[in-house]
Amino acid sequence: MGSADRVSTGSDAIDSLLKGGLEKGVITNFYGSSATGKTNLCVEAAAEQASRGRKVLYIDTEGGFSTERFAQVGDEEKLENVELSEPSTFNTQEDAVNEASERADEVDLVIVDSLVALYRLEATGDDIPEANQRLSSMLASLSKAARENDIPVVVTNQVYSRFDKDGVELAGRDVPRYWCKCLVELTDGSGRKARIERHRSLPPDRSVRFEITDDGIAEQKEESGGVF
């Protein structure tokens, strides 16, 4: 796919990993533990597109969107191009997602950060099947909006540790895995790393080491940095 099929995240490191940026027409899911860079990436992608005069719908379920950070990585005057929604319940998240899906023809990027924070409050005991169905319905709407309007949709996903084997599992498990055509894991162990788990045209386990700076997400400066 050429650059016309991609939308820049504003980060050279992540754009390099994804061969040009976010793929249009699909949902890209950035997942990882707390403080691995998910919200930073979302704010930077929003700032990049807004600074180009493009419209962004940003659904913030965790109160993580920062106008100060936006101004650091983008053009503060272009904040008017970002329409922010801050649902505080799973019901109001559904409303926000449905509205974003219906208005996708008006915008160039939709972001949901985080997809599952409010879901996890609902998905307990006997309520898990219903919560999963509602989450699936939201993702179906976002997937249809992305495809029909040829825009990228970004969601972030929380994770939990697996007890049966090493690694982490996405909150929502198979639901986001089914609907999100691009899955990128963010980790912060011995240095930050973004790793492709799944992509329609790029190989799995392709990765880049990065760091979060005042100017945004940049490739790690050490010799071990870069895409590998």
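Predicted model: local features only at pLDDT ≥ 70, side-chain atom pairs only at ≥ 80, totals over all residues.
**Entry 1: helix 2**

The buried residues of helix 2 are Lys-38, Leu-41, Cys-42, Val-43, Glu-44, Ala-45, Ala-46, Ala-47, Gln-49 and Ala-50. I then checked the length of helix 2: at 1.5 Å a residue its 14 residues should span 20 Å, and the end C-alpha atoms are 20 Å apart, so the two agree. After helix 2 comes Gly-53, with a positive phi near 85 degrees.

**Entry 2: the largest pocket**

Next I looked up the pockets. The largest pocket holds about 200 Å³ of space. It is lined by 15 residues, and those closest to its centre are Ser-34, Ala-35, Lys-38, Thr-39 and Glu-62. Which element gives the most to this lining? It is helix 2 (residues 38-51), with three residues. I sorted the lining of the largest pocket by class and got two nonpolar, nine polar and four charged residues.

I stopped at Ala-35 for its backbone. Ala-35 is not a glycine, yet its phi is positive, about 70 degrees. I placed Ala-35 in the loop between strand 3 (27-32) and helix 2. Is Ala-35 buried or exposed? Its relative accessible area is 57%, over the 50% cut-off, so Ala-35 is exposed.

**Entry 3: the second largest pocket**

The second largest pocket has a volume of about 160 Å³. I listed its lining as Tyr-119, Arg-120, Ala-123, Ile-128, Asn-132, Tyr-160, Ala-171, Gly-172, Arg-173, Asp-174 and Val-175. Helix 5 (119-122), helix 6 (128-149) and helix 7 (174-179) each give two or more residues to this lining. By class, the lining of the second largest pocket has six nonpolar, two polar and three charged residues.

Arg-173, one of the lining residues, also has a positive phi, near 50 degrees, and is a residue other than glycine. I found Arg-173 in the loop between strand 9 (168-170) and helix 7. With a relative accessible area of 45%, Arg-173 is partly exposed.

**Entry 4: cysteines**

How many disulfides does the count come to? It comes to zero. I checked Cys-42 and found that the nearest cysteine sulfur, that of Cys-180, is 12 Å away. A disulfide would need the two sulfur atoms within 2.5 Å. Cys-42 counts as buried, at 1% relative accessibility. Cys-180 is in no disulfide either, and the nearest cysteine sulfur to it belongs to Cys-182, 9.0 Å away. At 0% relative accessibility, Cys-180 is also buried.

**Entry 5: salt bridges**

I then turned to charged pairs. Side chains of opposite charge can pair when their charged atoms come close. The count of salt bridges comes to 12, and I noted some of them.

- Glu-106 pairs with Arg-103, with the closest N and O atoms 3.0 Å apart. Glu-106 is partly exposed, at 47% relative accessibility.
- Glu-83, Glu-99, Arg-103 and Glu-106 are joined in a network of salt bridges.
- Glu-169 and Arg-177 meet in a salt bridge at 3.3 Å, N to O. Glu-169 counts as buried, at 6% relative accessibility.
- Glu-185 and Arg-195 form a salt bridge at 2.9 Å, N to O. This pair links distant parts of the chain, with Glu-185 in strand 10 (residues 182-189) and Arg-195 in strand 11 (residues 191-198), 10 residues apart.

I asked about cover for the last pair: are Glu-185 and Arg-195 buried or exposed? Buried means under 20% relative accessible area. Glu-185 is at 16%, so it is buried. Arg-195 is at 18% and therefore counts as buried.

**Entry 6: a peptide bond and a distance**

I looked up the peptide bond from Asp-113 to Ser-114 and found it cis, with omega near 5 degrees. Ser-114 is in the loop between strand 6 (109-113) and helix 5.

Last, I took Val-82, which lies in strand 5 (residues 82-85). At 11% relative accessibility, Val-82 counts as buried.

Technical notes. Residues numbered from 1 in each chain as written. Heavy atoms only, no water. 1 Å grid on protein atoms, 1.4 Å probe; cavity = no way out; pocket = protein on both sides within 12 Å on 5 of 7 lines; lining within 4 Å. Points joined across faces, edges and corners; volume = space filled by probe spheres on them. Helix = DSSP H or I, 4+ residues; strand = E, 2+ residues; numbered from the N terminus. Nonpolar A, V, L, I, M, F, W, Y, C, P; charged D, E, K, R; others polar. Buried < 20%, exposed > 50% of the residue type's maximum accessible area, 1.4 Å probe, protein only. Salt bridge = Lys/Arg side-chain N within 4 Å of Asp/Glu carboxyl O. Expected span 1.5 Å × (residues − 1).
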